[in-house]
Amino acid sequence: MKQYIISYDITNDKRRNKIRKLLCDYAVPVQYSVFEARLSEEDYIMLRHKLSRLLRKDEDSIIFYLQCSRCRDGIIRLGNCSDPFGDGIYIV
Amino acid sequence: MAEHNISNEQHYFPISSVAEILYCPRNFYYRVVEGAEDSNHHLLEGKLQEERRDERQRLVREGYRQDRSIHVSSEKLNLYGIVDIVEQGKEIYPVEYKKGFRKESLNDDVQVCAQAMALEEKLGQDINRGYIYYAGSKARREVIFDEDLRLMVENAVGLARNIALSGEIPPPLADNRCEGCALVNRCLPFEVKGIKENKAKAVRPQPGINLGRVLYVDEQGASLYKKGERVLVTKDQIKFKDIPLCNLDQVVLVGNVNLSSQLIKLFLGRGTEVHFISTKGKYYGCLQAALSKNSVLRIAQHRAYQKQEERLLYASEFVRGKLSNMRTNLLRYNRSLNNHSIDEAVSRIKNIIKRLEKAKDLNELMGLEGAGSRDYFSVFGLLIKDRVPFDFNKRSRRPPEDPANALLSFSYSLLLKDVITAVQVVGFDPFIGFLHRSDFGRPALALDIIEEFRPVVADSVVLTALNKGVIAEGDFEYRMGGCFLSETGRKKMYRLYEERRKEMITHPVFGYRISYLRTIELQARFLAKVLTKEIDGYKPFLVR
Ligand code: SF4
């Protein structure tokens, strides 16, 4: 299980929407064009693969910042943003 | 001799697994003998063809024709496999594709050499060299198939055959090579080494795969759908939750909740645990993918079950675990209570534990277990603080008669789901147990292993719920002569229970920090290693 910050810069609206939608399947949107993800090796490969199919290599960019546990401990959140993963207990 | 040939014929090995044998023979054992899943990596790699094709395009050489994914097998070596690329021009040679950066690796060399030897057999033509292409550095490395390398292939095959025929598990490496190994949770290299060398403690914990991320749905009439790769929980057009599947390890559906078949497929495919429980806390069952391939373990389990002596031995360890942890619970609470009756119960339980060893049969053992449990529950009510207006005199089930019993029963059902999962993940037959009778269609093995965890995980959740005042009188309903948790009560219990199972403790044997959730899986894995005779003597999980 690894944790990433994912940010994107997509020029075309239609592509951006598709990529956003895809990212929502694997990651939690935390800010405009910034996501946080906690992924297993398999999910990570899958996501990268799917992204590479949507991406236009000459125009768009997506960056995965891998976070080690020390980086994670160092995250400071100000304002209206909580840890997107919380305690992982969802009760309906 | 003839017999020998027959056995040899049965063992065709995948080329990749034989190459891995040089890296770790134990890894080979798990994959080939126990049928450990290769995780999903390989399947995924196939799907990633597109990305790979891009890379390869640049590789095609002038005057060479490329064929991809060629199946080969060798009768001489008893090997089969897939060659990523065969290039044919002036010469013919295999090219193996690797994800990472260019590196010298004997495994990789042995792998292409074995592929070449199989190709030679197929084509009747000598192949002197091959290549390994490293996607990370976009470069290929030449490998010369000389006598030494060919000999190495033959030796690796010999080693593979020995392991497969003897069925003996090679010892763990237990060094930094284990770090990236996909099988580390099954293998437990450091723990096994520690146990074998009798110097526990100096062990590093391995991160668990299951992070205990869980979704409970106890909204009657709600439905779960798949949307993209996410789970959607809705009812009457109201959206309750929308969670990416990759953020969930377990789903618990309580009572009348609907699940779409698309989602079921997805859960099965991902290996997400799904459990069904009634609103009264009765455990119904779980979604389970096809039976695991670990037949070696199931055979060992059945064999141990047949042997009365061995069966009794394990059974008595489960009882010892349960009673010892009950006693510890009482001792812990009595530090502040200083109650004489509790003291007495503690010493009575202690005496019973001493007699476990001498129990001659399962009946006697069950008798002792019953006596110990009665002693424990006779004072359990004293652990509940005065201000809680609940009566508790003795354990009652089916139905529970009072709030404390209702909470205990409910808590045990939640624990049962996790023990059942552990038992299945390891590859046991859940229905063959040692202490519990296996003839009532009950998950007897899970009921065995649950014993040592009842006091530490489930009972303590109940005591927290009551003593911290989280659960109050209004959280119960009286129905049909029994006492049950109401919906709000249940939802409080889910949270308390989940928080407890995620709690970190110092492992009593290995000394590392680990969650209760992981200790359950560890116990199941140890039992498996004991049954398959890798380590001696099952030891229950005892808290201090
Ligand atoms: S964890 Fe280590 S010893 Fe175990 S199979 Fe993997 S590499 Fe081998």
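A residue is called buried when its relative accessible area is under 20%, exposed when that area is over 50%, and partly exposed in between (1.4 Å probe, protein chains only). By this definition A:Ser33 is buried, with a relative accessible area of 16%. The structure is a predicted model, in which local features need pLDDT of at least 70, side-chain atom pairs count only at pLDDT 80 or more, and totals for chains, interfaces and linings use all residues; side-chain values use heavy atoms, with hydrogens and water left out. Residues are numbered from 1 along each chain as its sequence is written, while chains are lettered from A and ligands numbered from 1 in the order in which they are written.

**Chain A**

- Chain A has three helices and five strands; helices (H or I, at least four residues) and strands (E, at least two) are DSSP runs, numbered from the N terminus.
- Along the sequence, these elements follow the pattern β-α-β-β-α-β-α-β.
- The C-alpha atoms of chain A fill a box of roughly 35 × 35 × 30 Å, taken along the principal axes.
- Chain A has 92 residues, of which 43% count as buried.
- A:Ser33 is found in the loop between strand 2 (28–31) and strand 3 (34–39) of chain A.
- Although A:Ser33 is not a glycine, its phi is positive, at about 60 degrees.

- The ligand takes up the space of the largest cavity. On a 1 Å grid over the protein atoms alone, a cavity is a set of points where a 1.4 Å probe fits but cannot get out, and a molecule sits in a cavity if more than half of its atoms lie within 2 Å of its grid points.
- Helix 3 (25–33) and helix 8 (184–187) of chain B are the elements that give two or more residues to the shell around the ligand.
- The residues around the ligand include B:Cys24, B:Cys178, B:Cys181 and B:Cys187; a residue is near a molecule if one of its heavy atoms lies within 4 Å of it.
- Also among the residues around the ligand are B:Arg26, B:Asn27, B:Pro172 and B:Leu173.
- By class, this shell has eight nonpolar, one polar and one charged residues. Ala, Val, Leu, Ile, Met, Phe, Trp, Tyr, Cys and Pro count as nonpolar, Asp, Glu, Lys and Arg as charged, and the others, Gly among them, as polar.

- Helix 11 (residues 295–306) of chain B has twelve residues and reaches 17 Å from its first C-alpha to its last, close to the 16 Å expected at 1.5 Å a residue. The expected span is 1.5 Å times one less than the number of residues.
- The buried residues of helix 11 of chain B are B:Leu297, B:Arg298, B:Ala300, B:Gln301 and B:Ala304.
- Seen down the axis of helix 11 of chain B, its buried residues fall within an arc of 160 degrees, so they line one face of the helix; the arc is that of the directions from the helix axis to the C-beta atoms.
- Helix 17 (residues 487–502) of chain B has 16 residues and spans 23 Å between its first and last C-alpha, close to the expected 22 Å.
- Among the buried residues of helix 17 of chain B are B:Gly489, B:Met493 and B:Leu496.

- B:Lys138, in the loop between strand 5 (129–134) and strand 6 (139–144) of chain B, has a positive phi near 50 degrees.
- B:Ser166 belongs to helix 7 (residues 147–166) of chain B and counts as partly exposed at 43% relative accessibility.
- B:Gly433 lies in the loop between helix 15 (403–426) and helix 16 (444–467) of chain B, and is buried with a relative accessible area of 0%.

Notes
On a 1 Å grid over the protein atoms alone, a cavity is a set of points where a 1.4 Å probe fits but cannot get out, and a pocket is an open set with protein on both sides within 12 Å along at least five of seven lines; lining residues have an atom within 4 Å of a point.
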